[in-house]
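Here's a quick tour of how some parts of this structure meet. Have a look at the picture, then read on.

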Amino acid sequence: MRDGTGFSESTADTRVEKTPLSHLSVELGHFYAPDLELDEHFFIEHFRRIGVWFAAARSAAENANLRAPRISTCVLIDDYFGLPEPPVALIPKLVAAARKAGLEIDYLVRESGCANNVAGVARNPAEPETGPPGLSLAELVEARLVEDPPPNTTAARPPVSHTGWLCNGQRSPATETHEAMKRPTAWRPPAENAAVNHSIFADIELWREEADGRLWSCAMLAAVWQLLRLGLLRDNGRSVAVPHPPPPDLPDNWSALPMVLRINDRAAPFNAYRAMTVCAPLFLPIENAVRTILQQVAVDPAVLGQVSDRAKGEGISLPLEVVDRIEYLFVDTGPVRGADPG
Amino acid sequence: MLVFAASDKGGTGRSVTSCNVVYRSALSGSDVCYLDFDFGSPTAGSIFQINDVTRGVRRGGMHSYLLEPDIQTTGEPHRIDVWTQSSRASLRQRPPGSGKLMLFPGDQDGGEFGPDKEALRRCVHLLQALDEEFDMCLIDLSAGRSYATQLVLEATADPALRGVAARWLVFHRWTRQHIPAAAGLVYGKDGILDVGVRAGHDKDELQAAIKFVRTAVVDPDSIELSGLRPAQVAWLRDCDEDLGQLAAKHQVGRRAMLGEVPLDPVLQWREQLISDNDVVARDIANNATVDAFDDLARKLAADEEWASL
Amino acid sequence: MLILGEVLTAALRHSGGMPRDRVEDALGLLAGERVRTFERPISYAVSPKTYTGVDCRIVARSGAKVRGVGTLMGRACLTGGRVLQSSAVTRIEPVAGGFRQPWSHYLARLGMVEALGRPDLPGTADAHLLADRSSSMMGMGALCVRLLTGIQGSPVLDRKPPVRARRTVLRWAATIKDGAEDVKWHFAVREDGLRTVRLELGPAQIDDIVNLCEDLALHDWLLTALMSIIEQSQIGVEQPAQSVVKLRPAVDHLLHLWMPAARLDGFALSVWEGLESRPGLSRQWDASVRRVRDQMAMAAALVNNRPPERKQLFG
């Protein structure tokens with residue numbers, strides 16, 4: 001109650017948890033299975049090339065009147081589409097390579113954590129798979145999609161979700177009519193809703209139903225990943241994917257680890273006001289898809305308000321639109337192969 | 001309760017009988033509505049004598065509700081209160097204690113269509129919303145193996161309509177051609193049972209929810225035929241017996257029958273509601289016809305008539 | 001500032017009470033968001049807010065049109081475990097320039113529709129309030145129907161509505177004027193189960209206005225449903241015992257739900273106070289409830305006073 005005296009019911013609560021926030025989160029790498037097999041030299045070279053731009057990002061933050069900028073670094077490991085070598089071998093290899101290149105990996109994140117439910121992790125970090133089945137982060141984000149309406153759309157238009165596809169405009173209509181004895185409709189081109197003169201129409205696959213369940217697309221998981229870094233996801237008001245230190249003995253199995261591992265004890269918070277991704281131009285189409293998705297995610301206004309109030313309190317100006325809080329540097333990071341074809 | 005009115009052939013008197021049954025139910029105090037799902041030729045407006053919509057409404061009817069959700073800004077289809085909108089004076093006086101009598105008309109230029117997922121979803125929503133409001137919703141379907149029939153079979157299999165009683169009336173004339181045709185519509189390949197099972201219905205449950213209604217039945221013993229010569233009456237009786245055997249052979253016999261409507265010239269030629277006024281004051285329609293409608297209305301609502309064996 | 005809303009009210013398709021977790025299942029419109037529930041002074045549960053995008057004409061009463069782009073907020077609530085409501089709400093915000101922004105712009109301003117150009121706000125409010133039930137501004141009605149029907153189809157419900165009644169639609173328009181001190185309101189009952197509320201008030205939270213309008217819609221629906229049950233029970237025509245059978249659903253499911261302004265305060269209370277003096281909703285409700293109770297009492301008295309039937313020898 002506002003004034004100390006009064007009546008309240010706990011089931012009527014609307015509060016959302018706060019998470020600690022850095023000024024900037026820098027992604028030092030998003031590694032897919034084929035690249036993860038390579039030896040230490042590949043990674044040293046990768047981090048060395050990234051290091052130049054990381055330094056630039058740091059000085060940019062300092063130039064923005066931040067005396068002691070809180071910056072955290074992270075890498076994303078694809079253990080969803082591929083099966084990398086076990087954590088006990090891979091994690092020390094990555095950390096050592098980064099150090100040799102003069103970088104510190106603060107957080108190491110499992111990509112499958114975006115797709116699988118993470119409800120159990122917070123309960124008992126030692127046994128992350130024991131929690132009750134909850135929602136995956138991808139499902140939380142999917143629920144918050146508010147589709148970009150084409151011109152002349154009222155709320156009467158039924159949601160066209162449930163197809164697993166999301167676009168930024170109007171698809172070319174089907175040319176077959178389904179009404180008896182009516183003329184078939186002519187072909188029309190697709191159109192981007194916010195087109196400037198000409199359309200750049202994008203149609204993004206979010207997921208596909210496979211024999212053993214739903215397979216989320218790389219773009220969808222990367223969109224979840226960016227929202228997670230920005231500290232904008234909650235599950236029933238609770239924070240999700242809270243970072244945990246790695247267990248003293250690294251397991252053989254990735255699924256036995258919490259989603260977000262804090263590798264560096266002295267790291268600034270994982271979540272940040274802004275997120276920067278430094279990656280090879282090869283990933284540009286994926287990141288364009290990520291942006292198309294993020295343009296259509298309605299983040300909980302309570303969480304957005306909380307984050308922007310705190311930014312204001314720290315004297316930081318933050319774009320109102322979530323998608324504008326994500327920055328990219330597309331640079332040559334060495335001979336990456338990226339995701340497996342198919 | 002949802003009631004689906006089907007027939008294999010046109011001209012069975014399906015629509016006019018259905019309208020009259022709905023009307024009798026309203027008179028007895030039930031809130032009822034009539035949905036014109038005869039997409040090819042929506043004519044319920046003329047049976048209820050709603051002047052502007054004798055061939056359906058210009059927009060907002062059943063057809064556009066199902067197929068053009070984008071322009072239906074209210075999410076509700078057009079409805080017509082028969083008690084206030086009918087051009088027939090004797091209908092416009094809603095008797096005290098009677099229930100609502102609502103018509104959901106079709107669209108003028110509607111046609112048959114292949115149901116897509118969205119139309120199915122809309123159909124489920126519509127039936128759900130009307131079941132909130134009405135004791136009985138009668139859905140008049142296009143004749144034959146129609147998309148309308150397929151659509152409602154799929155809709156009633158939807159989990160959102162589980163627990164809502166759904167009953168089927170299959171209308172057929174009492175003739176040598178109509179009896180096997182009606183049986184074919186229900187039991188034949190790609191008939192109601194076939195399509196229903198494919199949509200997820202339990203065959204026995206669905207079959208128990210289907211009853212036949214014989215129309216234009218000539219009763220050799222009725223007073224109307226009292227002028228016939230004995231030979232004619234005997235011939236009629238023979239025919240009737242033959243038809244009875246034919247019906248039994250096709251599983252359209254007495255056990256599967258809910259009721260029968262006698263041949264009535266007023267019904268045949270005027271295709272309109274028969275009011276008590278037509279029977280009593282004007283003496284143009286037969287008492288037996290109105291009794292048959294009352295009987296159908298009563299049996300439709302009586303659970304014991306529909307208990308599965 | 002102009003805020004437009006629409007409320008759809010219906011009986012939940014469920015025959016009895018429901019435990020809280022079931023209510024939460026039914027009203028959980030958004031994965032990962034809580035359904036808020038209250039037990040005092042009457043049970044009440046409200047869904048999380050959902051949003052739907054629109055890019056359509058906003059039409060004023062004069063026929064003038066501007067393009068509106070943005071989102072409508074939609075939510076649903078359940079009162080007393082019996083009455084289900086869904087709401088569509090949006091704020092109309094005039095903006096200069098005729099260009100549509102990237103969609104993320106509108107998702108950073110949820111629950112607002114930007115009117116590109118110079119909208120006639122009073123005329124827009126009129127168009128919203130004076131339209132008949134067959135059309136609805138920006139498809140608000142369709143949104144309400146979609147939300148409500150989705151919940152009514154929830155597998156946790158037994159699909160047996162306690163009373164059969166038509167859904168009622170209440171459309172409202174609130175004009176917020178910074179200088180306004182007291183609240184002006186007008187409540188209209190129109191045909192076809194349509195009601196309208198026009199509000200003019202000082203700065204206020206949109207949620208408080210939505211709560212008020214839902215509360216008005218709820219009580220109007222209760223009154224409408226009770227009146228229709230009484231009418232069909234044919235008091236004075238039928239035998240009291242028969243009338244009582246028809247009145248029973250009202251006694252079982254409706255009579256205890258009347259609790260105007262149960263969770264309201266501030267300007268919303270003053271609107272209710274005004275409504276109580278004219279047209280006097282509670283007066284009409286109380287009189288109707290007395291009528292129902294009198295019938296029950298009379299039916300009971302007639303049963304008790306009936307001459308005892310001869311005892312059957314067998315049976």
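This is a predicted model: local features need pLDDT of at least 70, side-chain atom pairs count only at pLDDT 80 or more; totals for chains, interfaces and linings use all residues.

Helix 5 (137–143) and strand 10 (234–235) of chain A each bring at least two residues to the side of chain A that touches chain C. Sort the residues on that side and you get 21 nonpolar, 10 polar and 11 charged.

Overall, 42 residues of chain A are in contact with 36 residues of chain C. Across this interface the rule also turns up 13 residue pairs in polar contact, both at pLDDT 80 or more.

Now for chain C itself, which splits into domain 1 (2–204) and domain 2 (223–305). Their C-alpha centres lie 27 Å apart. Here are the two interfaces, one per row:

| Interface | Buried area | Share on carbon and sulfur | Salt bridges |
|---|---|---|---|
| Chain A and chain C | about 3100 Å² | 55% | 3 salt bridges |
| Domain 1 of chain C and domain 2 of chain C | about 1500 Å² | 78% | 0 salt bridges |

On the side of domain 1 of chain C that touches domain 2 of chain C, strand 9 (184–190) and strand 10 (194–201) of chain C each supply at least two residues. Strand 10 of chain C gives the most, with 3 residues. That side divides into 12 nonpolar, 3 polar and 2 charged residues.

How values were computed
Residues are numbered from 1 along each chain as its sequence is written. Chains are lettered from A and ligands numbered from 1 in the order in which they are written. Side-chain values use heavy atoms; hydrogens and water are left out. Contact means heavy atoms within 4.5 Å. Buried area is the accessible area (1.4 Å probe) that two parts lose on being put together, summed over both. A salt bridge is a side-chain nitrogen of Lys or Arg within 4 Å of a carboxyl oxygen of Asp or Glu. A polar contact is a pair of N or O atoms within 3.5 Å; within protein, one must be able to donate a hydrogen and the other to accept it, and residues adjacent in sequence count only if both atoms are side-chain atoms. Helices (H or I, at least four residues) and strands (E, at least two) are DSSP runs, numbered from the N terminus. Ala, Val, Leu, Ile, Met, Phe, Trp, Tyr, Cys and Pro count as nonpolar, Asp, Glu, Lys and Arg as charged, and the others, Gly among them, as polar. Domain bounds come from an automatic or database domain assignment.
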